[in-house]
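This report describes one protein structure by its side-chain pairs, its packing and its backbone. The sequence and the structure come just below.

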Amino acid sequence: MQTKLKVLAIALIMPLSMKLSAQQKATAAVWSPQKASAWYAKNQWLVGSDFITSNAINQLEMWQADTFDPKTIDKELGYAQGIGMNVMRVFLHHLAWQQDPAGFKKRVDEYLAISSKHGIKTMFVFFDDCWNKVPKTGKQPEPKPGIHNSGWAQDPGQPASEEMANSPVLEKYVKDVLNTFKADKRILLWDLYNEPGNSGKGNKSLPLLKNVFKWARQVNPSQPVSAGVWSWGLEDLNKFQVANSDVTTYHDYSPVDDHLKTVQFLKMIGRPLICTEYMARPRNSTFATVLPMLKKENVGAINWGFVTGKTNTIYAWDTPMPDGAEPKLWFHDIFHKDGTPYKTEETELIKSLTGRGK
């Protein structure tokens, strides 16, 4: 409780001083709460998933030229359209860009053309502190049976994220992508850094977090930028994220009563709220309980996991099943690869709440 209040206090008193500092440096300032609220009001209620194709084990397999798969993207985003989803959160990777910047951006544009055809906007993620520490280009590993996200790759990695010698490359990557798509209406929001401080990094991620916000402000895209709070114990990171995000984003895998308390706290910041990760069935974070609450509170709702596949996210983070058997209760994910829902009552609920079921 104290940590949450500290984060909120900082968020409420810091924006003015940060805005002045930004103006002095001739870079864009954090959006005002009024501007952010006006932007949010132009969108219908946001609901969707964190999306990676079922035949990709990680971001590199999704975006590298040899394994980029528009047909699967089209098919699986069709499942999303069918239940009324209107936004997907999609992770990029700087190594895929570094291989071939022009080709990478062409594939991003192709993805956006497909998603737009299905009435879906995109929230792109730049950096990520989760899972495997040393990403490598080329052929990606096969999934380890029964292990959640066995091949997911951090970006830029560990210790790469802590080495400022990498900053020129990362800055060029971020600015190239942002400059290319900074006015693209198919993009909802730029999520600059997923779960900074994860994998035991803590404040070691703060320099890169500060840099990516600085680079984004220098480009000044038309879309808002954010980085979601996800662990209340990371006070320094949380303070910076909340004070510098145009829209408040967050992760919460707790049951609905606890999740509602998080929403109530974060609303005190006075900015629109989007939950960019939730839904872990064994933890009682479910569509049936959480999604109606998020709609009632006018909070964007993006769950982790869409079509079961090589990421193995039907398995829990901390409960591997080395024999690869299907768990009795899926941890994440909504659909089988053929488009059959894991639980029809879930997809019917989503359709009802999005108006697709009418």
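## Aromatic pairs

In this predicted model, the count of aromatic pairs comes to 25. In one of them, the ring centres of Tyr79 and Phe335 lie 5.4 Å apart with their planes at 40 degrees, so the pair is tilted. Tyr79 belongs to helix H5 (residues 70-82), while Phe335 sits in the loop between S8 and helix H13 (344-354), so the pair ties together parts that are 256 residues apart in sequence. Tyr79 and Phe335 are both buried.

Another pair is formed by Phe91 and Trp152, whose ring centres are 5.2 Å apart and whose planes are at 85 degrees, so this pair is edge-to-face. Phe91 is part of strand S2 and Trp152 is in the loop between strand S3 (121-128) and H8, so parts that are 61 residues apart in sequence are tied together. Phe91 and Trp152 are both buried.

## Salt bridges

The model has 17 salt bridges. Asp50 and Arg89 form one of them through their side chains, with 2.7 Å from N to O. Asp50 is in strand S1 (residues 47-50) and Arg89 in strand S2 (residues 87-91), so the bridge ties together parts that are 39 residues apart in sequence. Both Asp50 and Arg89 are buried.

The side chains of Glu171 and Lys175 also meet in a salt bridge, with an N to O distance of 2.7 Å. Both residues lie in helix H8 (residues 167-181), four residues apart, which is about one turn of the helix. Are Glu171 and Lys175 buried or partly exposed? Glu171 counts as partly exposed because its relative accessibility is 26%. Lys175, at 21% relative accessibility, is likewise partly exposed, because buried means under 20% relative accessible area.

A further bridge joins the side chains of Glu297 and Lys267, at 2.8 Å from N to O. This pair links distant parts of the chain, 30 residues apart: Glu297 is in the loop between helix H12 (287-296) and strand S8 (300-304), and Lys267 is in helix H11 (residues 256-267). Lys267 has 37% relative accessibility and counts as partly exposed. Salt bridges with shared partners also join residues into one network, made up of Asp50, Arg89, Asp191 and Glu277.

## Nonpolar cores

The largest nonpolar core has 84 residues, of which Trp63 and Tyr111 touch the most other members. Helix H9 (residues 206-219) gives the most to this core, with eight residues. Which residues is Tyr111 in contact with, leaving aside its neighbours within four places in sequence? The contacts of Tyr111 are Phe51, Met62, Trp63, Phe68, Ile73, Leu77, Met88, Val90, Thr122 and Phe124.

There is also a second, separate core of twelve residues. Trp39, Met123, Val247 and Ile274 are among them.

## Packing of H12 and H13

Two packed helices are described by the angle between their axes and the distance between the axes. For H12 and H13, the axes come within 10 Å and cross at roughly 10 degrees. This crossing makes H12 roughly parallel to H13, because angles under 35 degrees count as roughly parallel.

On the H12 side, the contact is made by Phe287, Ala288, Leu291, Pro292 and Lys295. On the H13 side, Glu346, Leu349, Ile350 and Leu353 take part.

## Backbone exceptions

Most residues other than glycine have a negative phi, and most peptide bonds are trans. The peptide bond from Asp155 to Pro156 is cis, with omega near 5 degrees. The bond from Gln158 to Pro159 is also cis, with omega near 15 degrees. Pro156 is in the loop between S3 and H8, and Pro159 is found in the loop between S3 and H8 as well.

Glu195 is not a glycine, yet has a positive phi of about 45 degrees. This residue is in the loop between strand S4 (187-194) and H9, and Glu195 is buried, with a relative accessible area of 9%. Ser199, also not a glycine, has a positive phi of about 60 degrees. Ser199 is located in the loop between S4 and H9 and is partly exposed, with a relative accessible area of 26%.

Notes
Residues are numbered from 1 along each chain as its sequence is written. This is a predicted model: local features need pLDDT of at least 70, side-chain atom pairs count only at pLDDT 80 or more; totals for chains, interfaces and linings use all residues. Side-chain values use heavy atoms; hydrogens and water are left out. A salt bridge is a side-chain nitrogen of Lys or Arg within 4 Å of a carboxyl oxygen of Asp or Glu. Helices (H or I, at least four residues) and strands (E, at least two) are DSSP runs, numbered from the N terminus. Buried means under 20% relative accessible area, exposed over 50%, partly exposed in between (1.4 Å probe, protein chains only). Rings of Phe, Tyr and Trp (its six-membered ring) pair if their centres lie within 6.5 Å; planes under 30 degrees apart count as stacked, over 60 as edge-to-face and the rest as tilted. A nonpolar core is a set of buried Ala, Val, Leu, Ile, Met, Phe, Trp, Tyr and Cys residues joined through side-chain atoms within 4.5 Å. Contact means heavy atoms within 4.5 Å. Axes are lines fitted to C-alpha atoms, for helices over the stretch in contact, and angles run from 0 to 180 degrees between N-to-C directions. Angles under 35 degrees count as roughly parallel, over 145 as roughly antiparallel, 65 to 115 as roughly perpendicular and the rest as oblique.
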